[in-house]
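Look at the model shown here, and follow the text along the chain. The paragraphs below begin with a pairing of side chains and then turn to the helices and the surface.

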Amino acid sequence: MNWLNKLPGTRRAASGLEWKLWRKLPLIALAGTLLPLLILGLVYLLNDPQTSAAHARWNQMVGYMVLGAIFFHWSMVGTVALGCIIVMLMKGPGYVADGYLLSHRDQPRETMESDEEARHRRFPFPAADSTRDLAGR
């Protein structure tokens with residue numbers, strides 16, 4: 001089965017913000033991970049390890065907050081990445097999704113549809129070869 005058959009006569013839209021964001025996402029993900037970890041490292045370095053139980057609880061709470069911030073950041077980066085992928089697909093060339101038109105009947109047919117009737121209802125464009133571009137190269 002050949003998925004994503006291009007429709008003939010379609011063209012791509014100009015790329016925009018989605019490609020700029022897509023290229024910056026690894027850096028954004030890395031920076032959003034390292035900054036909270038740096039804060040956590042500073043908290044542990046600057047605090048005396050042999051203090052009261054309240055300080056130990058506070059250190060543990062800071063660790064949980066940093067972990068939560070990192071997971072939240074990763075989920076936001078993943079959401080933006082998914083949005084970029086969707087926009088890239090939507091701006092790309094047109095693809096055949098379903099090559100058959102609906103019959104739009106409220107009631108079932110009394111008899112089976114003949115081959116000739118089915119042939120007239122089919123999608124008017126033949127599926128383009130996905131290995132060729134629109135110029136035929």
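Across the whole structure, a search finds one salt bridge, meaning a side-chain nitrogen of Lys or Arg within 4 Å of a carboxyl oxygen of Asp or Glu. Its partners are the side chains of Lys91 and Glu18, which meet at 3.4 Å, N to O. This pair links distant parts of the chain, since Lys91 lies in helix α2 and Glu18 in helix α1, 73 residues apart. Side chains of opposite charge can pair when their charged atoms come close. Lys91 is partly exposed, with a relative accessible area of 25%, whereas Glu18 counts as buried at 8%. Here buried means under 20% relative accessible area, exposed over 50%, and partly exposed in between (1.4 Å probe, protein chains only).

This is a predicted model, in which local features need pLDDT of at least 70 and side-chain atom pairs count only at pLDDT 80 or more, while totals for chains, interfaces and linings use all residues. Residues are numbered from 1 along each chain as its sequence is written, and side-chain values use heavy atoms, with hydrogens and water left out.

The protein chain has three helices and zero strands; helices (H or I, at least four residues) and strands (E, at least two) are DSSP runs, numbered from the N terminus. Of its 137 residues, 18% count as buried.

How do two of these helices pack? Helix α1 and helix α2 (residues 53–91) pack at an angle of about 180°, with their axes 10 Å apart. That makes α1 roughly antiparallel to α2, a term for angles over 145 degrees, where under 35 is roughly parallel, 65 to 115 roughly perpendicular and the rest oblique. The residues of this contact divide into 23 nonpolar, six polar and two charged.

Leu42 is in helix α1 (residues 17–46) and is partly exposed, at 43% relative accessible area. Leu35, Leu38, Leu42, Leu45 and Leu46 form a nonpolar patch on the surface, with about 580 Å² of accessible area together. Patches are made of residues with over 30% relative accessible area and no salt bridge; like charges are joined within 9 Å, nonpolar side chains (Val, Leu, Ile, Met, Phe, Trp, Tyr) within 5 Å.

Methods: Areas by Shrake-Rupley, 256 points an atom, 1.4 Å probe, with all protein chains shown as cover. Axes fitted to C-alpha atoms, helices over the stretch in contact; angles between N-to-C directions. Nonpolar A, V, L, I, M, F, W, Y, C, P; charged D, E, K, R; others polar.
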